Amino acid sequence: MNDHEKTLPEPRVWRSLDELHSDGPRDMRTDHEKTPGALLETHSLLGRRGFIQYTGATAAALGMSACIRRPVEQIMPYSRAPEYQVPGVPLHYATAVSHRGDAIGVLATQHDGRPTKLEGNPDHTGSRGALGLLQQQAIWDLYDPDRARVPAHREGDSLLDSSFEAFDEAFGALIATHAANAGRGLRVLTRGTTSPSFMRLREAAKARLPQLRFHTWDSVNEANVLAGAHLAYGQQLGTVVDYGASRVVLAIDSDFLGTEPGALRAARAFGPTRAIERPDQEMSRLYVVESTFSVTGGAADHRLRLAPSQIEGYLRALARTLQSKGGFDLGAIAPAIIAAPLDAFSAHSAWLNTVADDLLAHRGTAPVVLGSGHAPALHALVHAINVALGNVGRSVKYFAPVDAAATDPVADLKALVADIGSGAVQTVIVLGANPVYDAPADVDVRAAFGHEGLTLVHLSSHREETSELATWHVPEAHFLETWGDHRAIDGTVSPQQPLVAPLWGGRAPIELLARLAGEANWRSHYVVQQTFRSRFPAPGSFGREWRRTLHRGVVAGTGGVPVQPPLIQAPAIATALAQAGETAAEGIELVFLPDSRLFDGRYANNIWALELPDPMTKIVWDNAALMSPATAARLSVRNNDVMRVSVGDASIEIPAFVLPGHADDTFTLHLGWGRPSAGRYGAGKGFDLRPLRSSAHMHHVAGATVAKAGRTYNVVHTQEHGSMEGRPLALDATLEAWRADPRFAQFRSVDPTEGPLWQRQDYSTGHQWGMTIDLGSCTGCNACVIACQAENNIPVVGKAEVARGRQMSWMRIDRYFVGDENDPRVALSPVACQQCEEAPCENVCPVTATSHSPEGLNDMAYNRCVGTRYCANNCPYKVRRFNYLSWHEYLDGDPELIGDVPTLTPTYGNMPETRKIQYNPNVTVRMHGMMEKCSYCVQRIEAAKIATRRDDRDMRDGDIVTACQQTCPTGAISFGDLNDPRSNVARKVRLDRGYHLLAELGVHPRTTFLARIRNANPAMGTPAAAASEEAEG
Amino acid sequence: MSEDDDKKLDDDSSSSEKGASEPFRKKTIVGMAPVGQTPKETKGTLMGMPAIDDAQVEADKQEKPAAEEKPAAEEKPAAEEKPAAEEKPAAEEKPAAEEKPAAEKPPAEKPPAEKPPAEKPPAEKPPAEKPLAARPALYLAEFETPDAIVHAAKRVRDAGYTKWDCHTPYALHGLDDAMGLTPTKIGIISFIFGLTGVLAAFLLMYATNATDTSVMGFAGYRAIIGGKPPGAFPSMVPIIFEFGILLCGLSTLFGLCGLVKLPRHNHPVFSSERFARATDDRYFISIEAADDRFDLEDTRALLESTDPSFLELVEEDAA
Amino acid sequence: MSDALPIDTLPIDDSVPIEDIGERHLMPADMTISEVTNLVAGVTERPAPRGWWILFIPAVMLAGLMFACLGYLVSAGTGVWGNNAPVYWAWDITNFVWWIGIGHAGTLISAILFLFRQKWRTSINRFAEAMTVFAVLCAAIFPALHTGRPWLDYYLFPIPNAMNVWPNFKSPLMWDVFAVNTYLTISVVFWYVGLIPDLATIRDRSTNLLRKRIYGFFALGWRGSHRHWQHYERAYLIFAAISTPLVLSVHSVVSFDFATSVIPGWHTTIFPPYFVTGAVFSGFALVMTLMLIVRAVFGMHRVVTLKHLDLMTKFMLATSMLVGYAYAMEFFVAWYSGNPYEWWHFYHTRIGLADSTGQRSPYFWAWLAMVSCNVGVPQIFWFKFARRSIPVMFVATLLINVGMWFERFVIIVLSIHRDYLPSAWGIFHPTLVDMGLYLGTMGFFLTLFLLFVRWLPMFAIAELKGILPGAHPSHLHDHHEPHEAPAGELSPAPAE
């Protein structure tokens, strides 16, 4: 023992300060000998002291996990004075996100430093308080466990984790070399941008490195729209259709309420024109001509299915018809379209003549809209038509372009690839884009990026397809992690302010650009401030203005000022039209559309998006070839039959799915799926369309051949049955029918006239919460579903479990087809818990886990629930959701299956820690074996009550906004106190088109639906009008 | 010997030192005394006997004397002796004895009932007790046919015996009259408890679901359930019914055990080998020595006159 | 039990025509009471016959499977079943109702037939009671473990707690809790009380001390004292009297789970009698199935004669027609009520007419299976040959139990898999755990049952003796002198 001591470096052991400072002999073993049990403790992992140490450490760790690092830069609370963080009190910060060439103002909710929810910024013209589906789900990406965390550097064939320091050094060196040769051989590939800072730095970089060239790439882009405007007016212009000011809208292959540019902006304006409260009010009318069945088509009053190749013909024919009418002149364009054949549309003569009459009857308020996928010449024609209809300046507005330097991404990418091939390029810096996945089939980016001696720097949130070829991969910071700025299409400029410092580190595109531009301080905060300084030139004003701007989320005074477009360039359009011309081919036509959830694939690892039902098909976790029943019958395929779809010699295999109302002989294929390296959730989900998409046919292609592959693939969707079976569920009527019979809804869904045998509960006093959902303005866009999921910590269960019918989302948008199978209209009804006053679920719960609050809420006491599921059985709306397995604990995705039985070990590993950061602390996270359901966002109700009590004031209408109501782009949802006569909801429940779902059961729901009114044109006499009559009869 | 036993019993007795030892001495005396000449003081103990068997049914209700009797009863010689000797005074003091033989039997059967085989292994028995051990417990007469035993039963009944019984493999009809038994009271027990269950169930449901009054710190909760009145009676009916049935059934079971004084594994009849057939195919009549009319000679004569297929005198601890 | 019992000395065997069966020929007249003892008690003393082992070993294996499935169920969650939305209840509750239903025959036979003085019950009641107890045990597994968090099931009992949260006594599920527990308790008690004298018999016959001790312990020291018999008989009568309404109430309460709901196909007032009849029907079928097995395995042909079987087949024929009536009446009500949802359910989901989109419920065949098994098959018992042929009975009773399972499946799953909102319609597919658990409970049941027939008197010895010819004093039936020697070899004249 002694010599053993000798060998050891003698540690300084002391038991008291005295002993420490005294020179007394130190006894190594005293601890063990004098303290009984000490020996054991030191040797056992968890002795008494050990235990206490670990407990303390754990407690500390837990504490830490709550406080995510906050950005070091000063950021500004939106709604409160900057007395900073009150624990437990959420703060809201204004920020912004860009989408398809437009900016959307966002209010981000932050709980104790954790961003948990995104909402619309009321002060921003792009969102006006609402958010679209894609922005709602974006918060999940911040916590995506598969985000790249450190830069990676290529060693041989593999990417090895590196560090930001190493990257900065390497990048600096890279820039230095190119600074030396004025940027020769240096290319930057970016996505389309809306950021003033980005543009400023782009110019600065070009100035510094003259030979540096920028390329843009987006597989889903607005090039045609911009080119069309340019063609029509000879200059770059941003086009905004003001649907709020429109009486008649003709949307030609344009899903302007869904995936088209400015969809959120459009929906905000369009919704109110559909939600009329009295029969005598004016209501807008929507004609839709389209090939697939889009959300917009669902909202249409009249809808015409046409194969995409016929769209051009229709547009020309319409122009010709218009021209033939009095008082409409396309001028020099007329000759170009006079030859337009009408006979192809003899079956749809009403769609030419009647629509033309209707447009002419509403000059100035009758915009014609064309889908962004169609050729610039057609867009130019549409501009000309709008001019001729006098819409310009009234319902169609033009703004200065967001990015005047925007180019055609396809041509741009081709050029880049060509240059690389010619060896003229040494370095490519890819900022965000992922061309290896989504470039056209005939542009071999993979080969180009693999080019000998090419240095490829890729900035992206994940290590994705393009990253695999990169020399350096840099994690891209989420927009909630970094500074930025965005210019909306109408000119509104908003700062993008971060809520957290990058969770794993990460760079913003502008930061790399800043270094290219040689900015000494390239941090996004500084860069953005630099951009804004030019806006606040007044000396000394910057600080104040900057704070105000961050506070409001928009730069005061920007935006909303349309420009007067120059005269239309008729001859140019005429020549363009003469050259353009769709060549109809035999076989199947394919339409490539951005997916409503994954967009172009950038959300491919977002489990909310993956499990969100497609608005029309209700398909989850997959894409499929959508076709009309007639086509399916002709090809004799049924759902889930895998087909080999070939264009030329390229082909893919994809399952068939029948969508009533789809154009015949046409398949709709949604982009963004089938990404091999999307991340643990999205990898390999769905089917990649890349081989079929060529640079000439980015939107649609004709002449595809299909053959059955002879196998089936299980496409999972959440709504097995699409017919109402004649039941009064999602009610609608034409405007005439409504005027004739204002209370038709109550007559079809009848509230019981006789009361129950017992004394009914008295809800006449206090707050009585209620909700109205206006089916007239609901487009089924799904934003509310995701908002609810984000707000209420609703788990995702995975494809296999959805297939078994266990999806958890509290809000379900029921989609019914009405009328002819091949050309139906769609009836939507968002169904969440109806908060029945005499709830059947409460009667049968044996443990009183669900009972009624005095304010009329059907409450769930989660920790009381034993999970008998009796309540769900007895719910006539089937809106209760049961946690069959521990989704939150280990799944949040598929369970692994043995046979058909889930194992205890999940496919995707345990719930990632990051995933938990997003949870809303005010909502219980439910374990398995519990029933859950919509609570009218009771946590928000209570928060509002506390606030009013603190401020010592009465509850005002609008103090409480439920998650679904808050985000609804068309404002279809109202919520409030039914006992408050001044409240919005109290007025709406009395509207005569209001009715209760399954009213005859006498459960007295608190949710009131407002029946949809279809502004059918009697002169059309199309199925839409006919169907509504038939449905009523 | 008495010293040892004294201590042993003291230790065994659950009650206090004094209380246990005092009656015990009395009994050793009684045990030594010849039949019929029991000293007066024993009467007290005898009167105490009924209390003893109560003591086993409902131990807690018992006050001192019962607890004291326990050790007393364990002392075998006394136990065997007393019943035979002391029955008369008992009968006199209880004229009702005839009506309720069921109620009367306990005192007689009890003492052996208290014999704990574990506590006192035969090996320990002092030689002095041997003769006592041979005391008659009962006469056992075996019959082969239902008619024979019915006939015999009537004879025994008419002879005025009270502590006697018939043993049959199945419920033999007509024996009730033949033995002059009074109808059983078990129905009353069941009815009362059934009613209790009904009331209890109603009160429970009403108090918890329809009131918020606090009982012992636990309050009910008037939850709003499906908008229905908290105290709605119709929904209570099923549970009221079921709970009534439950208590009724359980009380019937325990009432039965109480009335027939089962379980009891050590009745003297088991000492007879032939008695095994009582649960097979033979019919027996047993007349206990505890009966005050019991007389080795007369009783034997009576039973013989009923032409039993077999007759034996079962003695204590013959087994 | 005190009505006249004429003594018949003719040796009667199975060849006697069925028509003249009164109370008289239930036991062969040459049967002596000691033979009854030997027959029944003997089973527990001899080593088990090979047939017993052939049944027992697989049964134990299946029981093991059940426990495995339950363990997995509790650890992983209800998701290991195929239940989903909207089919929140599927095989779990189907099996529960099925088992509970089977559990009704026992009490019915012991109680109701007892009250109606049906002496032929004595050959099957012990049997049926045991079956009841085991079936109810199996049934109880499902409601207890179908909950998402079974470890919290105690919430279903009115336990005082700091939060003052109490069970909701308005919930039919609470009624179930009380009904099933009461039924289980009373059935066990009833069964055990009946066993006491027979346990005493075995005790007195047994030679080895251990058996004596064990049986003796449970026999409570029964010594056949008539003073005991007097109370005992009355107690037994009371049990019968309370069990009769109880057995009727239990399945009524179970049916309330559905009848009180709002779901088309569940919300039906005919359910209580419908369920009770079905329960008796299925219970009788299973009693018969097992009876046939045991009768063969242990050679009990003299105790359970063809006449008993014949009576039971007739009973089943009657109940099957009652059930058939209920089936028909459901459709009538659906039509007569004019409720479109009800109408839709019966005409599309049950008979499987295609709906507006040309789809039909994937489970429409289940309804056909249930009707053909429950109403069709038993009709064969109109024919004498069927009532006398063991194989026919065996197959028929098995089919009836299949059919009764489908009845519950149709009611539960078919009703909720297509209810009010077509958008919420779904379809149910059972998983391996579903199937394993169902088979497992069968094994568990069979295990308990085989242990019972092996170690306990499977017939009510004392009661059987009570109905033997000459079991009671002659003067009770004809007014002769008590001394007069009764006829029958049971009673030789006493020696003078």
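In chain B, Phe191(B) is part of helix H10, which spans residues 186-210; helices (H or I, at least four residues) and strands (E, at least two) are DSSP runs numbered from the N terminus. This is a predicted model, in which local features need pLDDT of at least 70 and side-chain atom pairs count only at pLDDT 80 or more, while totals for chains, interfaces and linings use all residues. Residues are numbered from 1 along each chain as its sequence is written, chains are lettered from A and ligands numbered from 1 in the order in which they are written, and side-chain values use heavy atoms, with hydrogens and water left out.

Phe191(B) counts as exposed because its relative accessibility is 55% (buried means under 20% relative accessible area, exposed over 50%, partly exposed in between, with a 1.4 Å probe and protein chains only).

Strands S14 and S15 of chain A run parallel and are joined by five bridges, with Val430(A) opposite His458(A) in S15(A).

Seven of the eight residues of H19(A) are buried, so this helix is largely enclosed by the rest of the structure; among the buried residues are Glu511(A) and Arg515(A). Just after H19(A), Gly518(A) takes a positive phi of about 75 degrees.

Definitions and conventions: Two strands pair if DSSP finds at least two bridges between them.
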